[in-house]
Amino acid sequence: MKVITTSIQTWQAKLAGLLMLSTPLINGCTDPSDIGLVLDPEANRIGVFYAEIPLSAYLVSIDSLNTTNSGVLVAGGDMSDYFGETESTAFSRLSFGNSAARPNSDAILDSAKFSLDILTLTAEDLDEAKTFSAHKLTEPILDTAYYNFDHLDYEEAPFASGSFMLEENSDTIVFMNLDEALATDLFTKLKDEDPVFKDIFAFRDYFPGFALKGSAEQQTTIHVNRGQYNSGPPNTGIKLYYRNSEEDTVSSVYSIYTNGSRHFNGMTNNPTGTPTEIVTEKNTAYNVGNLVGSKALLGHMVKLDMEPLSNFLDTVDNVIFNRATLEMGPVENFPDSKMPIQGLIQYFTDDTNKILRREEDGAPYSVQQGTVPQTTTDENGNAVPAITSGGTNPLAFNTEEFTYVPANSQSGIVDYVDALYRTDVMRTDLLLYPARVSISGRTISTSSDFTRSLREYIINQNSIVLKIYYSKLR
């Protein structure tokens with residue numbers, strides 16, 4: 001382990017003084033007993049010290065990533081030198097409203113479309129049109145859990161396909177022409193009050209659902225809004241435009257939509273010839289070299305070996321921690337239209353390489369925000385990690401520096417470090433789980449991004465450091 005320690009001669013404007021070091025003294029050491037020692041005690045008159053602790057990282061592929069009803073349909077893929085060729089296919093049922101107005105028996109079909117409400121995308125070469133297709137399933141989506149490695153059979157020929165010019169950071173709705181034979185059959189059954197439209201169960205026997213596909217060669221993945229129950233007009237699904245008579249000048253529309261329908265995302269990956277091809281076993285930590293990273297939906301996460309922090313804490317005595325941050329990056333080169341994973345939840349893990357959970361309810365342990373306790377005591381009076389309403393303290397992607405830093409920019413993870421130092425709570429490694437991070441004032445909230453995209457990040461291991469500012473009590 002290599003730890004850099006620095007003594008500080010000046011304190012500038014409270015917290016800024018912790019961040020601005022003048023005439024730093026740097027000492028590299030491998031003996032943990034040397035960590036944090038003052039090189040020149042007479043030069044450090046205010047007793048503030050700085051330790052920079054490099055961390056090692058590993059790649060872990062988690063087992064059984066449940067993608068059922070994630071809320072987003074992920075379709076497309078990409079090819080990279082690090083993760084290889086990855087492709088995602090979205091599978092979904094369709095539904096309709098029993099109370100929706102239906103065409104009368106003499107109605108005229110004007111057109112039929114399959115629409116996609118695209119929320120976001122990750123892409124390259126957006127000056128080229130991107131093609132996507134929808135295929136009718138040949139087997140039903142069951143009321144069971146589906147995982148990222150699951151797939152269902154579907155018809156080879158699509159019932160809808162289209163090519164589109166897409167833009168980054170822009171919500172958009174695109175339309176594909178529906179297969180003429182399917183459109184006619186659907187509309188006829190709808191007009192004739194066929195039993196197929198009696199209820200959704202009868203409809204699923206007729207039309208089990210669809211698979212939405214792109215291709216890895218296009219280097220484009222779309223994230224499609226599946227929609228929630230009662231969430232407004234449905235924008236993803238089949239739309240039948242019709243007139244009830246020749247005299248009608250404006251078409252009416254009947255929608256068969258994905259709102260509230262069961263769905264999941266399945267993916268395939270071929271990492272041959274890449275650093276990640278050695279990752280073959282689930283829940284196993286692999287040393288993949290200087291570069292390490294994560295890819296959502298693929299199920300790869302970064303594990304941080306936190307032993308250097310434990311070693312450091314065991315060598316300091318009678319100190320107060322002023323600030324602590326975990327920083328990673330900058331992220332390796334990425335196109336503007338392929339924004340990396342935006343946040344990382346710092347879950348606790350051990351040699352099992354699984355997220356550690358509370359026994360009684362399965363709640364996951366993680367680094368907590370600084371406004372809430374990091375630890376509590378169990379029925380035997382032992383210190384255990386806290387799980388609080390304040391929530392987890394994630395890392396967030398800094399869009400200016402392209403680094404990952406604590407979302408709580410004021411205190412970082414100092415409360416976590418202090419809890420490890422002052423209590424007998426278990427010391428663990430960290431498993432970094434891809435997430436979306438929202439910050440509003442002092443409120444930090446997270447939501448999973450692991451099953452909702454193919455976003456990724458890649459960093460150099462040399463850029464992963466803990467930065468700790470502390471004072472010695474005299």
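Ser-133 has its place in strand E8, which spans residues 130-136. In this predicted model, Ser-133 is buried, with a relative accessible area of 15%. Leaving aside residues up to four places away in sequence, Ser-133 touches Pro-158, Ala-160, Ser-161, Met-176, Ala-211, Leu-212 and Lys-213. One of these, Ala-211, stands 78 residues from Ser-133 along the chain, yet the two C-alpha atoms are separated by 8.2 Å. The side chain of Ser-133 also takes part in a polar contact of 2.8 Å with the side chain of His-135.

The chain as a whole comprises 474 residues, of which 52% are buried, and it contains 5 helices and 28 strands. When contacts between residues at least 6 apart in sequence are considered, 79% of them join residues at least 24 apart. The chain exposes about 21,400 Å², and carbon and sulfur atoms supply 46% of that area.

Helix H2 covers residues 180-191, and its 12 residues reach 16 Å from the first C-alpha to the last, close to the 16 Å expected at 1.5 Å a residue. Buried positions in H2 are Leu-182, Ala-183, Leu-186, Phe-187, Lys-189 and Leu-190. These residues lie on the same side of H2, because they cover an arc of only 165 degrees around the axis. The face turned away from that buried side carries the exposed residues Glu-180 and Ala-181. The cover over the buried residues of H2 includes strand E7 (108-123), strand E10 (172-178), helix H3 (200-206), strand E13 (237-243) and strand E14 (252-257). At the N-terminal end, H2 is capped by Asp-179, a side-chain oxygen of which lies 3.2 Å from the backbone nitrogen of Ala-181. Just after H2, Glu-193 adopts a positive phi of about 55 degrees.

In soluble globular proteins, nonpolar side chains tend to be buried together. The largest nonpolar core of the model has 56 residues, and those with the most contacts inside it are Leu-304, Leu-309, Phe-312, Phe-321, Met-328 and Tyr-457. Helix H5, formed by residues 414-422, gives the most to this core, with 5 residues. Apart from this core lies another, of 41 residues, among them Phe-114, Ala-123, Phe-207 and Ile-222. With residues up to four places away in sequence not counted, Leu-304 touches Leu-55, Ser-56, Ala-57, Leu-326, Met-328, Asp-429, Leu-430, Leu-432 and Ile-464. Within H5, the buried residues are Val-414, Tyr-416, Val-417, Ala-419, Leu-420 and Tyr-421. Among the elements that cover them are helix H4 (307-313), strand E19 (319-327), E20, E21, strand E25 (429-440) and strand E28 (465-472).

Strand E18, made of residues 300-305, holds His-300. With a relative accessible area of 5%, His-300 is buried, and its contacts, not counting residues up to four places away in sequence, are with Leu-59, Val-60, Ser-61, Phe-83, Val-279, Ser-294, Lys-295 and Phe-450.

Asn-353 is placed in the loop between strand E20 (343-349) and strand E21 (375-377), and its phi is near 60 degrees, a positive value in a residue other than glycine. The relative accessible area of Asn-353 is 5%, which means that Asn-353 is buried. A polar atom of the Asn-353 side chain lies 3.4 Å from the backbone oxygen of Asp-351. Beyond its neighbours within four places in sequence, Asn-353 is in contact with Val-60, Asn-283, Thr-284, Ala-285, Lys-303 and Leu-431.

Asn-318, found in the loop between H4 and E19, likewise has a positive phi, of about 60 degrees, although it is not a glycine. In terms of accessibility, Asn-318 counts as partly exposed, at 40%. In the loop between E19 and E20, where Pro-330 is placed, the peptide bond from Gly-329 to Pro-330 is cis, with omega near 20 degrees.

Terms used:
Residues numbered from 1 in each chain as written. Predicted model: local features only at pLDDT ≥ 70, side-chain atom pairs only at ≥ 80, totals over all residues. Heavy atoms only, no water. Helix = DSSP H or I, 4+ residues; strand = E, 2+ residues; numbered from the N terminus. Expected span 1.5 Å × (residues − 1). Buried < 20%, exposed > 50% of the residue type's maximum accessible area, 1.4 Å probe, protein only. Arc of directions from axis to C-beta. Contact = heavy atoms within 4.5 Å. Polar contact = N/O pair within 3.5 Å; in protein donor to acceptor, adjacent residues only side chain to side chain. Core = buried A, V, L, I, M, F, W, Y, C linked by side-chain atoms within 4.5 Å. Areas by Shrake-Rupley, 256 points an atom, 1.4 Å probe, with all protein chains shown as cover.
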